[in-house]
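Trainee: I would like to learn how to read the overall form of a protein chain, and then how to read a contact with a partner chain. Could we go through one case together?

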Amino acid sequence: MGTLLHGVEGYMYPNEVELQWSVLIVLYPYITGLVAGAFILASLERVFKVEAVKPTYRLALLVALAFLLVAPLPLQLHLGHPERSFEMYLTPHRSSAMAMFGFVYLWYLMIVLLMEIWLDYRKNIVEWAETGTGLKRWIYRILTLGSRNVSAAALRVDDRVGYFITLIGVPSAFLLHGYVGFIFGSIKANPWWSTPLMPVVFIFSAMVSGIAAVLLLYMLTSKLRRTPIDMRCVDTIGRYLLYTFVIDFSLEMLDLVHRLYEADESLRALDFMVHTRLFFSQVILQIFIGTLLPIALLGLTQIVKLSEGARKAIYVAAGSVTMISIFAMRWNVVIGGQLFSKSFLGYTSYKMAFATREGLLPAIILVLLPFLILYVLVKLLPPWPKREAAV
Amino acid sequence: MKDFLRSIEHLLRVVLLLALGVIGFLVVRRMVIPAEFGKYGHFRPAALDEIRAHPVKFAGRQACEACHSDQADVKSKGKHANLGCEACHGALARHAEDPGSLVPKLPDTAVLCARCHEANQAKPKSFPQVKTAEHSSGLACNTCHKPHDPRIGG
């Protein structure tokens with residue numbers, strides 16, 4: 001207790017001194033956001049007919065799947081007893097928003113994402129089941145579900161059903177991440193979280209981070225495969241990143257202006273926090289470096305005619321700081337919301353451990369794990385034409 | 001019609017697989033959910049009997065005072081009058097049952113007193129609290145304060 005109190009300032013209720021939601025709970029909305037964002041980017045091609053982003057369509061779906069598989073792990077590690085998570089489905093607690101998230105997750109994984117990937121790859125899977133060798137051949141055979149039905153009529157049906165699934169997938173992606181925002185936004189005891197804007201802000205920040213992640217991964221994988229980057233594609237993604245970022249930033253500013261004008265009893269405490277404990281992570285990292293800088297950089301590509309190299313450099317720089325910015329945003333929401341006392345007269349601090357169950361090390365592993373899964377998925381289901389994949 | 005069915009044959013397999021998954025889930029659910037789950041609330045009714053079967057660990061103040069009335073008298077006049085005996089001495093149902101089977105150890109006051117009286121900004125000002133490291137120069141608290149009536153000289 002003595003050591004904990006070093007970080008405490010002012011009047012803090014005893015149960016608020018130690019933060020209960022650690023860096024792992026920061027990862028939860030971050031990873032789920034990447035899933036929703038990547039899927040929405042994929043839907044641009046499928047539903048909104050933005051042909052230019054086609055080269056990233058399959059990659060975006062695989063990115064969404066890789067991150068979705070990891071999304072529940074931070075929660076399970078935080079809560080302990082992962083074997084009990086199945087009970088959420090057996091005896092659902094309908095009044096708990098967090099428990100019902102299990103169903104939102106299951107719906108999104110089984111009906112939306114897996115179905116869409118399967119339908120899109122089915123023709124290839126059937127081909128690979130015939131031409132593949134060894135273990136891969138067996139995996140592809142299982143994935144065909146015993147059907148080699150790739151007639152023109154069957155593929156037409158696949159295309160239509162795939163379109164329909166993407167169509168319901170877009171609101172599902174909004175639901176998935178809006179739900180994460182809802183879980184925070186509905187906590188009425190915490191003025192930092194309790195705003196109906198929270199789900200909307202979460203959806204747009206999710207789109208920003210997902211689009212940036214796919215943009216970076218597309219550029220990286222193109223570089224690794226030594227294939228030229230489709231500039232029309234990255235220019236279009238860059239433009240969409242800019243649009244969503246502007247909307248996201250406007251919503252966050254709207255929230256800020258609303259809080260300032262409303263000026264309820266929590267304002268002074270929150271204002272103090274933003275100027276002290278969250279100054280670096282919120283003002284410097286999230287707003288200036290993470291939001292205004294990429295918006296300015298991406299805006300530059302729209303105003304000035306830049307060379308291909310300069311545009312690529314801008315996309316990499318803007319994408320990278322965007323990823324940091326959205327992580328900082330999640331950090332400021334989750335950790336920031338626990339740094340002040342409900343008395344509005346005291347503040348605590350968060351000291352991250354390293355090699356503990358909820359420390360920095362498991363957080364790093366959980367961030368790297370989706371990339372490992374993505375590597376396996378890309379090997380199994382190459383998102384680009386086979387001849388290019390041979391490099 | 002036949003052509004149409006042939007063109008959606010693979011989708012029927014998916015539907016079948018999903019249906020099998022749902023049926024499997026429902027079967028597992030039926031098998032593993034305890035009988036009468038939810039009868040009194042979102043828990044197993046049998047859990048109540050299991051909890052009831054736990055041996056009682058605390059004797060309760062009245063049981064202590066039945067034998068230790070001298071200490072109870074001292075305590076009733078001091079600031080700690082409203083504290084339960086076992087809050088400091090620990091759970092002693094076994095001792096109350098058969099005094100010889102478990103002889104309680106006197107708590108170490110240096111640890112015990114600090115649990116409540118270590119200075120902490122979150123505590124009300126009116127609550128007696130000290131920085132133990134500075135307050136007693138390493139002396140045990142009960143050198144000056146007798147826990148049953150902690151006034152100096154009490």
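Mentor: We can begin with the radius of gyration, which is taken over C-alpha atoms, the globule rule being 2.2 Å times the number of residues to the power 0.38. For a compact globule of 154 residues the value would be near 15 Å, whereas chain B has 31 Å. Along the principal axes, the C-alpha atoms of chain B fill a box of roughly 100 × 40 × 25 Å. Please keep in mind that this is a predicted model, in which local features need pLDDT of at least 70 and side-chain atom pairs count only at pLDDT 80 or more, while totals for chains, interfaces and linings use all residues. Residues are numbered from 1 along each chain as its sequence is written, chains are lettered from A and ligands numbered from 1 in the order in which they are written, and side-chain values use heavy atoms, with hydrogens and water left out.

Trainee: How many helices and strands does chain B have?

Mentor: Helices (H or I, at least four residues) and strands (E, at least two) are DSSP runs, numbered from the N terminus. Chain B has 9 helices and 0 strands.

Trainee: What percentage of the residues of chain B count as buried?

Mentor: Buried means under 20% relative accessible area, exposed over 50%, and partly exposed in between (1.4 Å probe, protein chains only). In chain B, 17% of the 154 residues count as buried.

Trainee: How many residues does the contact take from chain A and from chain B?

Mentor: Contact means heavy atoms within 4.5 Å, and here 29 residues come from chain A and 21 residues from chain B.
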